[in-house]
Amino acid sequence: MTTLSIEKAAATRPDVVAETKPHVSVRETLSQTMTLAWRATKKMRRNPEQLFDVVIQPLLFTAMFAYIFGGAISGDVESYLPLMIPGILAQTVLTACVATGVQLREDMDKGVFDRFKSLPIARIAPLAGPMMADLIRYTIATVLTFAVGVAIGYRPGGGFLGVVAAGLLLILCGWSMAWIFTWVGTIGRSATGVQGISLMIMFPLTFLSNAFVPSDTMPGWLEAFVKVNPVSQVVSAARDLANNGDVTMHVVYALIGCAVVIGIFAPLAVRSFRKRM
Amino acid sequence: MTTDTISPQHAAARRVTDIAVRTEGLVKAFGDNRAVDGIDLVVPTGQIFGVLGPNGAGKTTMLRMLATLLRIDSGYAEIFGVDVARSPHVVRQLVGVTGQYASVDENLTAIENLWMFGRLQGLSSTRARKTADVLLGQFGLEEAANRPISQFSGGMRRRLDLAASLITRPPLIFLDEPTTGLDPRTRGQMWDTIRDLVSDGCTVLLTTQYLDEADQLADRIAVIDRGQKVAEGTSDELKSSVGNSTLQLDLLDPANLSVASDVVRRLLQEEPVLTPESGRINVPLNQADQAADVLIALRTAEVSVASVSVRKPSLDEVFMALTGHGTDSTDDQTEQNDEVAR
């Protein structure tokens, strides 16, 4: 059909190719991630309803759980608060993580994601960018939960520094756990599907832990699971930090747990995101 | 066949590089449906190459494979000699993609979109901002720079989308149905923009379902149907492949259609295409003066003719001849050409 010889093309490879780079560097990856985080914060600012869950849930659930379970579990509301506040904090942050995955799924259906994929950028950037921005959501949730707790009578023994340390730990854990839901986001077919699967992961993780009830009140087989649940470690670590100001082994275990979760789910998420195209 | 219509700037670009896109036996299957079924393509640099086909022919799927957005199931594709399947990251640096649906962020303003895409491709914040300003000016979007995309018209979105593909001045641009859904004026503007790209040294691979668009813009056209390439050539080559010209007759009385078509068939040894509602007959001619023979024969058969025209075949007819079915397009722009009598 055409008179152009293909052999000639192979012999004289055009200059345009010489100007390209073979890989994305770590610095470029970070810069791309931050640019996409910037995009996500703009999106949050323009759709403030995305922040409803992290604002309403701490206000509502903290008070509700305290008054409903307080008497039954600890005798009265005030002595339940040191047990419950770190627990409800973990639950709130985990719920916020679920939204991370669901929103990613929604975003991936939009045309702009096609462009992200067609650009020479690191494949992890479109996933990690929104997750960096979601640190804001976890921070809002953490601050509000502590504030509500203090308002209804929580007096953390760890003092301000203990509370800040517990808060930071939970935000970090939230970011780590978000990789699980980001992965679910990349494999799910629809946003509702992702939401359903994520809640099925989220509820056992929070309720089959020591977040709301001391684990020694549970049957032996359940107690065994509760003890290895990373959420339990996180909750225990947060309690030690906020209530006593102690950096215990629970903190170490919680951090190891986070690292393991990232180590498993970040590569899975990037792989399935890459595969989708 | 040769590519004989090369303008000076095309020739200049051809000297530096030679082939922008080459595919061999490209296949993409979705389940049992082979959306792209063994397409061979060679796109020389510095040209507008049109991929023409009806909805669902596999044009977009093919483009998405070349743009690394879809995995290539089988076959081979290279962009400027770079293997698409093996070096997607390099290919992404060489290609600007403008999709069928605006691939810009609805949540951001026009300038924020361009700034973000610039930053993502390694421009500094100031450079990205400057490039965004220049592009907005070039595409007549300065006034809309700070408006959210949700308030943009279809044409504005397309232009912004194209601007976003040009931030790093890639040597190859993919345009997936760039004017689908645009009004005629905006469409003309888009055509001008595409021509400007090529005069700047770009290669453009565009898909379209509009025959007149391929006719107007493309240096070469590949006709795709049901995932396969059914023809390739310049617009003129494709047209002459179905005969040198077409005779079109409008009968005064549509009831005479069968008599008239018998006369035409007997005289020209060709099967005429009939439009019974309007009493219209289209038939390919090898030589334009055969038209006179037909008119004399019709006079003898006492069939009155309302109007007669001899013209080059439209791409519509080309498409019909190549695929055995028409397109969704009802454009009939070449109708007024070379009228003999009315």
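Modeller: A residue is called buried if 20 or more other C-beta atoms lie within 10 Å of its own, exposed if 12 or fewer, and partly exposed in between, with C-beta atoms placed from the backbone. The model is predicted: local features need pLDDT of at least 70 and side-chain atom pairs count only at pLDDT 80 or more, while totals for chains, interfaces and linings use all residues. Residues are numbered from 1 along each chain as its sequence is written, and chains are lettered from A and ligands numbered from 1 in the order in which they are written.

By that criterion, 45% of the 277 residues of chain A are buried. Chain A has twelve helices and zero strands (DSSP runs numbered from the N terminus: helices are H or I, at least four residues; strands are E, at least two). Its C-alpha atoms fill a box of roughly 90 × 40 × 35 Å along the principal axes. Of the chain A contacts (C-beta atoms, placed from the backbone, within 7 Å) between residues at least 6 apart in sequence, 78% join residues at least 24 apart.

The buried ones include B:R157, B:R158, B:R159 and B:D161, along with B:L160 and B:L162. Part of the cover comes from chain A, through α6 (111-118). Chain B contributes β6 (95-98), α4 (110-120), α5 (125-138), β7 (172-176) and α7 (184-199), among others.

Now the nonpolar cores (buried Ala, Val, Leu, Ile, Met, Phe, Trp, Tyr and Cys residues joined through C-beta atoms within 7 Å). The largest has 92 residues, and B:L114 is listed with A:A90, A:V93, A:L169, A:L170 and A:A238 as touching the most other members. Helix α5 (residues 77-108) of chain A supplies the largest share, 17 residues. Leaving out residues up to four places away in sequence, A:A90 touches A:L170, A:T206, A:A211, A:V231, A:V234, A:V235 and A:A238. A second, separate core of 58 residues includes A:V16, B:A57, B:V91 and B:L238.

Chain B also holds an open antiparallel sheet of four strands, ordered β2-β1-β4-β5.

Notes:
Contact = placed C-beta atoms within 7 Å. Pairing = 2+ DSSP bridges.
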